[in-house]
Amino acid sequence: MPLQEKTVEGESPYVSKFLQFFEASYRKEIERLVESYPDKRSLDTDFRLLEQFDIELADALLDSPDVLLEAAQAAIEQIEVPALEIERFAPHVRFFNLPKQHEPLVRDIGAKHLGKLIAVEGVVRQITTVMPKLRVAVWRCRHCGNTYKKPQDSQQLKMPSFCECRHRDFDLVPEQSEFIDSQKIQIQ
Ligand SMILES: [Zn+2]
């Protein structure tokens with residue numbers, strides 16, 4: 001991304017694009033959602049409308065859903081709605097009507113889909129309860145008390161290899177670590 005596209009506050013330029021999109025195409029739906037929020041807490045968004053609105057934004061969403069979904073989420077939270085009864089209006093943004101190659105069959109999901117936005121149809125077999133998942137771990141050395149921050153992005157728990165004091169015994173400090181809600185859904 002070219003530097004000049006970044007806004008002064010360092011906010012993703014995609015946020016304002018999504019904001020324009022929601023204002024232009026989803027104003028009515030959003031106002032309706034406000035009335036049933038938080039019983040209903042998702043905004044179902046037609047990918048084809050996004051494509052018509054801004055093809056580059058739509059392509060970026062397919063390619064980098066992590067960044068773009070976060071931007072869409074930030075945008076919807078910035079929309080001004082007459083929400084007198086609710087403390088915070090923060091519905092989930094969900095996209096449907098993805099292009100065919102982004103709607104594989106469950107059995108065809110493979111490496112090329114890693115990190116991309118896809119939609120799958122299936123029967124939900126099992127849902128786990130919501131569990132906290134470690135995102136940034138803070139480790140404290142048992143010998144000298146030094147702490148280390150380690151972002152966690154895989155199943156494998158990441159610890160510093162050695163402390164400055166050359167020991168390698170660490171305890172997790174949960175109060176200083178960051179967790180996100182996580183849930184596993186098994187479909188077939
Ligand atoms: Zn140490």
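A word on domains before we start: their bounds come from an automatic or database domain assignment. On that basis, this predicted model splits into domain 1 (10-104) and domain 2 (131-187). The centres of domain 1 and domain 2, taken over C-alpha atoms, sit 32 Å apart.

**Overall build**

- You'll find five helices and eight strands in the protein.
- With a radius of gyration of 20 Å, well over the 16 Å that the globule rule gives for 188 residues, the protein is more spread out than a compact globule.
- The C-alpha trace spans about 60 × 45 × 40 Å along its principal axes.
- Buried residues account for 14% of the 188 residues.
- Take the contacts between residues at least 6 apart in sequence: 62% of these join residues at least 24 apart.

**Strand E4 and its partners**

- Strand E4 (residues 131-141) pairs with strand E7 (residues 178-182) in the antiparallel sense, over five bridges. Here Met-131 has Ser-182 in E7 as its bridge partner.
- E4 also pairs with strand E5 (residues 147-151), again antiparallel and over five bridges.

**The turn between E4 and E5**

- E4 and E5 make a hairpin, with five residues between them.
- Gly-145 sits in that turn and has a positive phi of about 85 degrees.

Methods. Residues numbered from 1 in each chain as written. Predicted model: local features only at pLDDT ≥ 70, side-chain atom pairs only at ≥ 80, totals over all residues. Pairing = 2+ DSSP bridges. Helix = DSSP H or I, 4+ residues; strand = E, 2+ residues; numbered from the N terminus. Rg over C-alpha atoms; globule rule 2.2 N^0.38 Å. Buried ≥ 20, exposed ≤ 12 C-beta atoms within 10 Å, placed from the backbone. Contact = placed C-beta atoms within 7 Å.
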